[in-house]
Structure formats: structure tokens, C-alpha cells
Amino acid sequence: MPDTTEQPGPQEPSLDEQIAAYQREFRDLDPQVEQVVSALGRLNRRMNVAYGRQLAALGISNAEWEVLKTLVLAGSPYRLGPGELAKRLGLTPAAMTHRIDRMAGEGLVTRDRDENNRVRVIVELTDEGRTKWLEAMRMATDFEEDLLQDLTGDERGGLGDMLIRLLRRVEHAQPDAGGRLTDLD
């Protein structure tokens, strides 16, 4: 019987190796800037993988998590129209409808007519959807605490402040970069 164990892919170069290669090919590169940007990119990618694994363990996708999170952020009673959900998530109405159909079938949300306006549809978080959101939040909190365990409270605060400054600069330079241009399902 053949060995079906997954073999690791090619090793990613270290940040130092990556920066050295970039400098070799592009002499104007500032290695300090590249170190920060590359480290942030790698950290983001690895955190997304970790979060994706946590969500998969709960039986939900990243796309479903985004809808649950958006409904929770809307506040109690955790309802929005499909058009507003699509707008907040940067999705097309068709992609949002597909996502809502799937989530309603899984019992994470309900979709009902608005009693005050029978033309309008309301998507509402179910108890099951809220439970999944809470479980995901607990898992993420544990992961994040572990991630930052070597930083003091002051270091965490300073890092948070610095990252917010970077985020504001990107948001100012790219005000439309917060939404998605295509569905990620």
C-alpha cells in the first residue's frame, strides 16, 4: 500500500534570506522596512491558517464566520438585511444569497420576511450561530493570549499603538481597501 502521509512542501526562506534576495535584485530596498512588512505578512498568513483550523474544528468556514461576526457586531437582536450584510462584507448580492442559503441550512441563521415590510428579508443569528461564534471567540482568545505571552502589558500596548498607526496610514492611502472585490468562498 502506498504511503499517503502528507510531506511538507518546499521550505520558505527565512526573512533574512528573503531580504537578502530582494536586496540583490532591487538595490533601493530598505531592509528595515522590508523586515517589518514581510514579518507582518507572514504573521498574518500564519494567524489566518490557525484561525481557519479553529473554525474548521467547529464545523464552520471563514466565510460563515464573517457573517456571524457581522451579525454580532450589528448588536442585539443580531439582524440585518441581506443587502446590508453584502455591503458590510464587500460581497455581491448573489454571493451573499448563496452564503445565507448555506448558513440557514446549517441552522446558523434564519431568513424571514420583515413583519413591518413583507418585501424586506431579515437575516437573524440563531442560538446555534451565536454558540458557534462564542466558541470561535474562546478559541481565538486562547490562541491570541498564547501568541502574545512573551510581551509585557506595556509592550502589547505599544505594539497595538504602532499597528494602529500603520493601519490608519494604509486606510488613508487606500480608503477602499477594507472591502473585498470578489467573494472568497
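How many residues lie between β2 and β3 in the hairpin that they form? In this predicted model, for which residues are numbered from 1 along each chain as its sequence is written, local features need pLDDT of at least 70 and side-chain atom pairs count only at pLDDT 80 or more, whereas totals for chains, interfaces and linings use all residues. Side-chain values use heavy atoms, with hydrogens and water left out.

The hairpin of β2 and β3 has 2 residues between its strands, where helices (H or I, at least four residues) and strands (E, at least two) are DSSP runs numbered from the N terminus. β2 and β3 belong to an open sheet of 3 strands, arranged in the order β1-β3-β2 with antiparallel pairing; two strands are taken to pair if DSSP finds at least two bridges between them. Because β1 (79-80) and β2 (109-114) stand at the edges with a single partner strand each, one side of each is left without a neighbour in the sheet. The antiparallel pairing of β1 with strand β3 (residues 117-125) extends over 2 bridges, and that of β2 with β3 extends over 6 bridges. Glu 124 of β3 is the bridge partner of Arg 79 and also the bridge partner of Thr 110, while Val 123 of β3 is the bridge partner of Arg 111.

The loop between α3 and β1 contains Pro 77 and Tyr 78. Ser 76 and Pro 77 are joined by a cis peptide bond, with omega at about 15°. Tyr 78, a residue other than glycine, has a positive phi, near 60°.

Helix packing was examined next. Two packed helices are described by the angle between their axes and the distance between the axes; the axes are lines fitted to C-alpha atoms, for helices over the stretch in contact, and the angles run from 0 to 180 degrees between N-to-C directions. The axes of α3 and helix α4 (residues 82-89) come within 11 Å and cross at roughly 110°. α3 and α4 are therefore roughly perpendicular to each other, on a scale in which angles under 35 degrees count as roughly parallel, over 145 as roughly antiparallel, 65 to 115 as roughly perpendicular and the rest as oblique. On the α3 side, Glu 66, Val 67, Thr 70, Leu 71 and Ala 74 meet Leu 85, Arg 88 and Leu 89 of α4, contact being defined as heavy atoms within 4.5 Å. By class, this contact of α3 with α4 has 5 nonpolar, 1 polar and 2 charged residues; Ala, Val, Leu, Ile, Met, Phe, Trp, Tyr, Cys and Pro count as nonpolar, Asp, Glu, Lys and Arg as charged, and the others, Gly among them, as polar.

Thr 70, which is found in helix α3 (residues 62-74), is buried, with a relative accessible area of 8%; buried denotes under 20% relative accessible area, exposed over 50%, and partly exposed the range in between (1.4 Å probe, protein chains only). When its neighbours within four places in sequence are left aside, Thr 70 is in contact with Leu 80, Leu 85, Arg 88 and Leu 89.

α3 also packs against α6, at an angle of about 100° and with the axes 10 Å apart, which makes α3 roughly perpendicular to α6. In this contact, Trp 65, Leu 68, Lys 69 and Val 72 of α3 meet Gly 129, Arg 130, Lys 132, Trp 133, Ala 136 and Met 137 of α6, and the classes are represented by 6 nonpolar, 1 polar and 3 charged residues. For α4 and helix α5 (residues 93-105), the packing angle is about 110° and the axes are 9 Å apart; α4 and α5 are therefore roughly perpendicular to each other. Pro 82, Leu 85, Ala 86 and Leu 89 of α4 make this contact with Pro 93, Met 96, Arg 99 and Ile 100 of α5, giving 7 nonpolar, no polar and 1 charged residues by class.

The structure holds 1 aromatic pair, where rings of Phe, Tyr and Trp (its six-membered ring) pair if their centres lie within 6.5 Å, and planes under 30 degrees apart count as stacked, over 60 as edge-to-face and the rest as tilted. The rings of Tyr 51 and Phe 143 have their centres 5.4 Å apart and their planes at 80°, so the pair is edge-to-face. Since Tyr 51 lies in helix α2 (residues 31-58) and Phe 143 in helix α6 (residues 127-147), the pair ties together parts that are 92 residues apart in sequence. Phe 143 is partly exposed, with a relative accessible area of 22%.
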